[in-house]
Amino acid sequence: MARFAYAPFPYRTPPELSGGRTGPAPMAIVGAGPVGLAAAIDLALHGVKVVILDDNDTVSTGSRAICWSKRSLEIFDRLGIGERMVAKGVTWQVGRLFHRDREIYAFDLLPEQGHKMPAFINLQQYYVEHYLVERCADFPDLIDLRWKNKLIGVARRKDGVVASVETPDGTYDLAADWLIACDGARSRTRELLGLDFAGQVFEDRFLIADVEMTAEFPSERWFWFDPPFHQGQSALLHKQPDHIYRIDLQLGRDADPEEEKKPELVIPRIQAIVGDREFSLDWVSVYTFQCRRLDRFVHDRVIFAGDAAHVVSPFGARGGNGGIQDVDNLAWKLAMVIHGNADAALLASYDEERIRAADENIRHSARATNFMTPKSDMERIFRNAAIELAADHGFARRMVNSGRLSLPCSLAGLSLQTDGPDCAGAAPGLVCPDAPVTGADGRNSYLLDHLGGSFTLLAIGDIEAPSIPGLDIVRVGKRGFADPEGLVAARLGRDVLYLVRPDQHIAARFVASTPEGIAAAFARAIRMNPKRTEAAA
Amino acid sequence: MMVPIDLSTDRLGGRSDDVYAALLHAHEGLDPDASAALNARLILILTNLAGDPDAVIAAIAAAAKR
């Protein structure tokens with residue numbers, strides 16, 4: 001099978017330098033990685049014009065982010081590339097943990113059927129970026145993707161931002177109402193604004209290699225503590241499409257990153273894992289890991305998302321997935337503000353909700369990294385005790401930590417959500433659970449296919465969904481979708497009404513439908529003064 | 001009737017990572033003697049908390065098994 005072919009994207013002289021038509025852009029996005037591209041598409045779906053600036057002209061080199069979670073796939077599906085990703089990606093849900101030469105336990109991430117998206121797929125970041133770039137081309141009037149346009153200055157104005165941009169044809173200024181910084185862990189925007197990026201640095205170095213090999217390993221995540229082939233360290237093996245395998249090897253604190261990248265050192269390490277099988281090296285990198293975040297993500301008209309806002313160690317796949325969820329949370333809020341349907345105060349909830357998520361991701365990934373890289377003898381003793389006990393004792397398996405895999409953060413109790421009532425189903429703050437549904441025309445689809453992008457009242461069973469301006473209605477039951485396997489009722493309850501946000505999180509639920517109660521929950525979910533909502537209605 | 005002693009079932013309600021992190025945090029910065037002493041105090045406290053001499057003796061045997 002052919003490997004991914006890197007091809008540069010064409011640079012075009014921007015209109016500011018070619019004498020073409022220019023004007024203020026509502027939105028500038030810095031960085032055409034997965035997060036910036038996803039943000040552009042989400043905003044375009046809301047009808048917002050976007051200029052994306054990227055200092056490079058290719059997709060990412062090397063596989064980088066490879067594990068895409070169910071939640072990210074649901075978001076990508078809403079953006080229009082989810083099915084393509086699943087078709088190309090390697091679907092997996094089983095992880096195995098080994099200590100020395102024996103398996104201590106296995107876990108299954110999604111033993112439940114009836115979800116459109118699998119628990120995880122592995123797909124190289126360059127494919128994801130490539131699909132996103134192609135998807136951007138579906139919005140020629142809304143998305144202006146500018147390669148080899150490097151941000152060199154940011155001036156914050158009262159009602160916007162002026163970005164200074166360097167190109168092969170010279171520099172120009174781009175005025176925008178808002179700027180989203182999606183320019184990664186070494187964010188230039190963050191540096192230009194002089195923002196502190198505080199957190200924890202881990203000293204151990206890790207080797208990450210993409211290896212092409214025709215041998216078949218199962219589509220599972222394999223993690224070793226102290227394996228015979230790499231004594232005293234940890235190792236991780238993941239399968240990717242095109243017969244590429246990701247191998248992560250802990251190297252310890254004293255490893256020399258330049259030396260360790262040399263093929264004469266890497267190849268014997270890989271051979272120790274894969275034995276006599278033939279393989280070739282596709283990409284090698286040596287890392288140390290950090291867990292850091294900005295104090296806040298919204299700085300007036302400059303908003304940070306993804307690695308530019310927060311970085312984690314990779315154990316748990318919380319970097320790329322966290323960034324995609326930032327976009328999911330941010331795009332609808334910005335679109336409502338830009339369209340005049342909500343006040344800029346709504347954006348404070350992006351800080352509130354995504355800082356909670358970033359802290360959760362940092363906590364999990366820091367704990368996993370601590371477990372793998374004990375800092376003291378006592379940490380090592382406890383770590384080894386937990387691993388040894390895990391073979392015989394279930395409780396200890398819960399303590400062994402090779403990464404707690406990314407799950408969506410609950411927004412329960414935060415200011416946009418309305419609490420209560422206690423009943424069966426999914427609580428406010430959670431992502432609406434998925435389930436199979438059948439349309440009146442007999443077509444099968446999934447519940448999440450019909451939610452997202454707008455605020456929606458989801459009525460299940462015998463409950464009225466009153467008509468309220470700004471709210472779409474989706475019904476499951478008598479006058480709507482059928483619930484062929486009973487999984488909508490099992491996961492969401494019966495005779496219940498949900499207010500679902502454009503990011504598919506549940507803002508409120510009702511067992512008794514009152515237009516006033518629903519309108520109040522909607523107003524709360526967009527931080528609108530209720531009186532103004534009535535006036536708008 | 002003798003009930004078999006179950007040492008394996010998780011009873012931490014999904015918060016194992018919180019407990020583990022608290023344990024390591026308590027050891028941070030301690031020298032080996034101080035760490036061993038902390039462990040001894042903790043074991044004695046948990047032994048009493050278990051409130052069941054047979055269970056504690058079974059746990060000691062399980063921990064001693066290599």
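Which residues do ring pairs link into a cluster? They are F98(A), F217(A), W222(A), W224(A), F229(A) and Y245(A).

## Basis

This is a predicted model, in which local features need pLDDT of at least 70 and side-chain atom pairs count only at pLDDT 80 or more, while totals for chains, interfaces and linings use all residues. Residues are numbered from 1 along each chain as its sequence is written, chains are lettered from A and ligands numbered from 1 in the order written, and side-chain values use heavy atoms, without hydrogens and water.

## Aromatic rings

Rings of Phe, Tyr and Trp (its six-membered ring) pair if their centres lie within 6.5 Å; planes under 30 degrees apart are stacked, over 60 edge-to-face, and the rest tilted. The count over all chains is 25 aromatic pairs. F225(A) and F371(A) form an edge-to-face pair, at 5.7 Å centre to centre and 70° between the planes.

F225(A) is buried at 1% relative accessibility, and F371(A) is buried at 3% (buried: under 20% relative accessible area; exposed: over 50%; partly exposed: in between; 1.4 Å probe, protein chains only).

## Salt bridges

A salt bridge is a side-chain nitrogen of Lys or Arg within 4 Å of a carboxyl oxygen of Asp or Glu. There are 42 salt bridges over all chains. E112(A) and R491(A) form one at 3.3 Å, N to O. E112(A) is partly exposed at 41%, whereas R491(A) is buried at 12%.

E353(A) bridges to K333(A) at 2.8 Å and to R501(A) at 2.8 Å. K333(A) and E353(A) are buried, as is R501(A).
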